[in-house]
Amino acid sequence: MAAPVRAGPKFEAGTPRALFETRVTPYTEFTGREYAVTAAGRRFLIITETEPGGSKPASITVVLNWQAGVSK
C-alpha cells in the first residue's frame, strides 16, 4: 500500500492505495515479515505461495564467502 503524506506541523496521510497484488502467506516460523524493501523503496522481496492454496516456497541456500572456495 502507498499513501500520499504531508509533513509539517501536523502530519497528514491521504487515502492508501494498493501498489500491486501479492499472494503473501503468513508462516509461523517467520516473524511476520514476509517481505523486505530496498533502502530506496523502489523494489520489494516478497515470500509468496507458488500457487493459491499451494505449499510453502522451496528453500534456498545462500553461500557466504563463496570466492574463498573457488580455485584461482
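Student: What percentage of the 72 residues in the protein chain is buried?
Tutor: The model is predicted. A residue counts as buried when its relative accessible area is under 20%. Of the 72 residues in the protein chain, the buried share is 6%.

Student: How much accessible surface does the protein chain have, and what part of that surface belongs to carbon and sulfur atoms?
Tutor: The accessible surface of the protein chain comes to about 6,900 Å². The part belonging to carbon and sulfur atoms is 56%.

Student: Which residues form the nonpolar patch on the surface?
Tutor: A residue needs over 30% relative accessible area to join a patch. Leu19 has 39% and counts as partly exposed; Leu19 lies in the loop between strand E2 (12-13) and strand E3 (35-37). Together the patch residues have about 450 Å² of accessible area. They are Leu19, Phe20, Tyr35, Val37 and Phe44.

Student: Is the one aromatic pair in the structure stacked or edge-to-face?
Tutor: The structure holds one aromatic pair. The rings of Phe20 and Phe44 have their centres 5.2 Å apart and their planes at 65 degrees. Planes over 60 degrees apart count as edge-to-face, so the pair of Phe20 and Phe44 is edge-to-face.

Student: How many residues apart in sequence are the parts that the pair of Phe20 and Phe44 ties together?
Tutor: Phe20, at 41% relative accessibility, is partly exposed, and Phe44, at 39%, is partly exposed too. Phe20 is in the loop between E2 and E3, whereas Phe44 is in strand E4. The pair therefore ties together parts whose separation in sequence is 24 residues.

Student: Which residues does Arg17 touch, leaving out those up to four places away in sequence?
Tutor: Arg17 is placed in the loop between E2 and E3 and is exposed, with a relative accessible area of 53%. Arg17 and Met1 are 16 residues apart in sequence, and their C-alpha atoms are 5.3 Å apart. The residues touched by Arg17 are Met1 and Ala2.

Student: What is the phi value of Asn65?
Tutor: Asn65 is in the segment after strand E4 (44-46). At 62% relative accessibility, Asn65 counts as exposed. Its phi is positive, in a residue other than glycine, and is near 55 degrees.

Notes. Residues numbered from 1 in each chain as written. Predicted model: local features only at pLDDT ≥ 70, side-chain atom pairs only at ≥ 80, totals over all residues. Heavy atoms only, no water. Patch = residues over 30% accessible without salt bridge, like charges linked within 9 Å, V, L, I, M, F, W, Y side chains within 5 Å. Areas by Shrake-Rupley, 256 points an atom, 1.4 Å probe, with all protein chains shown as cover. Salt bridge = Lys/Arg side-chain N within 4 Å of Asp/Glu carboxyl O. Helix = DSSP H or I, 4+ residues; strand = E, 2+ residues; numbered from the N terminus. Buried < 20%, exposed > 50% of the residue type's maximum accessible area, 1.4 Å probe, protein only. Contact = heavy atoms within 4.5 Å. Phe/Tyr/Trp six-rings, centres within 6.5 Å; stacked < 30°, edge-to-face > 60°.
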